[in-house]
Amino acid sequence: MMAIETSGRIDKVNGNELSYEEFVERYMEKNQPVVLTGLMDGWKACSDWVDENGQPNLRFFSTHFGKSKVQVADCNTREFTDQKRVEMSVSEFIDQWCKEAVQERGVTSNNGDIDKPVLYLKDWHFVKEYPNYAAYSTPHFVCDDWLNLYLDSYRMHRDPDSYQEKDEISCSDYRFVYMGAKGSWTPLHADVFRSYSWSANVCGKKQWFLLPPSQSHLVFDRNMKACIYNIFDNNISEILFPGFKKATWLECIQEQNEIIFVPSGWYHQVHNLEDTVSINHNWFNSYNLCWVLDLMARDYNEAKEYIEDIRDICDDFEGLCQRNLAANTGMNFYDFFIFLARFTLANLVVLDNLARDTENVAGSLSPMVQQLAHNLASIKNIVLKMKSLECFSGDQGFVLDLGETHKDPKFSKLCYFLVQTCGYIHKQQISRLCTKTIATHDSRFSTIIQSFCDGVSTPQDLVTFIDGVSTERAKSEAPE
C-alpha cells in the first residue's frame, strides 16, 4: 500500500457544548471539517438497527425493509470513475453479506487476489421510501438544508423526454443510508454539487482521508481532467499525476455515534474498519452557494468544449449545452436560477410574516430575521455573478411567475418548512398565526409581488425584485 503524508487533525467537539453560531463561525463559514459527538441520543436507528453485540442488526433490515431495491457497489471492481454497481433488494444484499461472513468473506485465490466481491450498499433513499419511520432527527447544526427542503416540494430538473413518474424515489433527495462490511470503501471524490455533507455512524467505525480544496489540483492529472481513484494504489503514475506526492491529508477515525461534517470541495476517501451502518446527507445553503455555481461553471465549460465542433450545425447549441450540464451535474443554470428564485420568494414571505407576527415580543426573533436577511444577501450575490453567463444573454424561453408560485401549495410547503427550520435552529417557537398566514397565501404579499415583478426570467429580474421588496419592507418598518 502506498504511503501518503498526513498532517494536522480534525476537531472533535461535543455538540451539546457548541452553539449554532459557533458552528457557523468555526466550521461552516470557514469551510472546515469537524466531528460532532453527543447528538445521536434517542435515535430510533441506534436501537433498531444495532444488535445486542453492537453489530448491524441485519435481520431487522431484512424483515422490515427487505423488499426495497437498492444500489450495491462491488468495492473490488472499478467501472469508469466509480465502483461497479448493481441493483438488488435489501434482502438479497443481506443474504450475500451473511454468506460471505460465514465463508470468512474474501476467500483468496493462489495469487493472493480477492475473488469474492466486497459489497457496499450506497445511496439508499431511505427517508423518501419510509417517510413514517422516524429513524433519526437531523441535528440542528446541519438542518439549514436548502437542497433537500426544496426537493421535498419540487424536482431539481425535469426533462420531459426522460421524466418518469415511477422514478420518483431515485433522484428525489440527497438523504441516504449506507451499509457495508469491514473492508468496504468509497473511492476518492468530492461530493455532488460540491455540497456539504454530514455522515452519522449508527454502528461501526470509519477511517476518513480528507484533502483541503486548496490542494485538490494535486489529485488530478496534468490536464486537470482525471482524478485519482484510490490514493493507496501502488501504481499511481508520477508522470500522469505529478503533484500527488505533495498532497497533505487529514486523517480521521469516526467512531460509532459520531457525526462528521465534510465541507464543500474537500476530496475524501473513506474506509469501513468494521461492519458499518451510516446515515448521510448532502446539502447546501447560503454559505456554500458559491461552490455550487463554481462547479456548474466548470462543468458547463467542459460540456461546451466537448461539443464545440457542432455549434454551426446545431439549431439550439445553448440548449444542448444546458441539457448536457443537467445530465452530468444534476442541474443546469436554468434549474439553479429557478431554485434561487423560489428560495428568494420563500425567504421574503417568511421574513414578512415574522415581522408582522404580533404574538412575538419585539426583537425576540432577531436571530431568525438575521439568518433570513443573510440568505437573501447570499442569493443576490450569486445571482449578480450569474448575470454574465452566456445562457442568460438572450431569450431563455421561460418565465417563472412569482404570483402563481406564491399561490402554489408546494410553495406553501416550502415556506412552512423553512420557517420551522429557522425556529428549530434558533430554538424559537413559531406562532400559529405566522404558520397559518404562510399556509393561506397571504394576499398582502401577493400584492407586493405584483407591485415589483410578477415574473422573472433573468438574474437582473431577480435582483430588481429583491431590491424592490427589501426597500418596501424597510419603509413599512421605519418609525413615523
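Two residues are in contact here when heavy atoms lie within 4.5 Å. By that rule, 26 residues of domain 1 are in contact with 34 residues of domain 2. This is a predicted model, in which local features need pLDDT of at least 70, side-chain atom pairs count only at pLDDT 80 or more, and totals for chains, interfaces and linings use all residues. Residues are numbered from 1 along each chain as its sequence is written, and side-chain values use heavy atoms, with hydrogens and water left out.

**The interface**

Buried area is the accessible area (1.4 Å probe) that two parts lose on being put together, summed over both. Domain 1 and domain 2 bury about 2,800 Å² between them. Carbon and sulfur atoms carry 63% of that area. Trp-146, Tyr-154 and Phe-193 supply 27% of the area that domain 1 buries against domain 2, more than any other three residues.

Between the domains there are zero salt bridges (a side-chain nitrogen of Lys or Arg within 4 Å of a carboxyl oxygen of Asp or Glu). Eight residue pairs, both at pLDDT 80 or more, are in polar contact across the interface. A polar contact is a pair of N or O atoms within 3.5 Å; within protein, one must be able to donate a hydrogen and the other to accept it, and residues adjacent in sequence count only if both atoms are side-chain atoms.

Helix H1 (20-28) and helix H6 (146-151) each give two or more residues to the side of domain 1 that touches domain 2. H6 gives the largest share, three residues. Helices (H or I, at least four residues) and strands (E, at least two) are DSSP runs, numbered from the N terminus.

**Strand pairing**

Two strands pair if DSSP finds at least two bridges between them.

| Strands | Sense | Bridges |
|---|---|---|
| S4 (residues 69-79) and S5 (residues 82-89) | antiparallel | eight bridges |
| S4 and S6 (residues 119-124) | antiparallel | four bridges |
| S8 and S13 (residues 267-272) | antiparallel | three bridges |

Arg-78 has Gln-83 in S5 as its bridge partner. The hairpin of S4 and S5 has two residues between the strands, and Phe-80 there takes a positive phi near 60°. Asp-74 stands opposite Leu-119 in S6. His-189 stands opposite His-268 in S13.

An open sheet of five strands runs in the order S1-S11-S10-S13-S8, with mixed pairing. S1 (5-6) and S8 (185-189) stand at the edges with a single partner strand each, so one side of each has no neighbour in the sheet.
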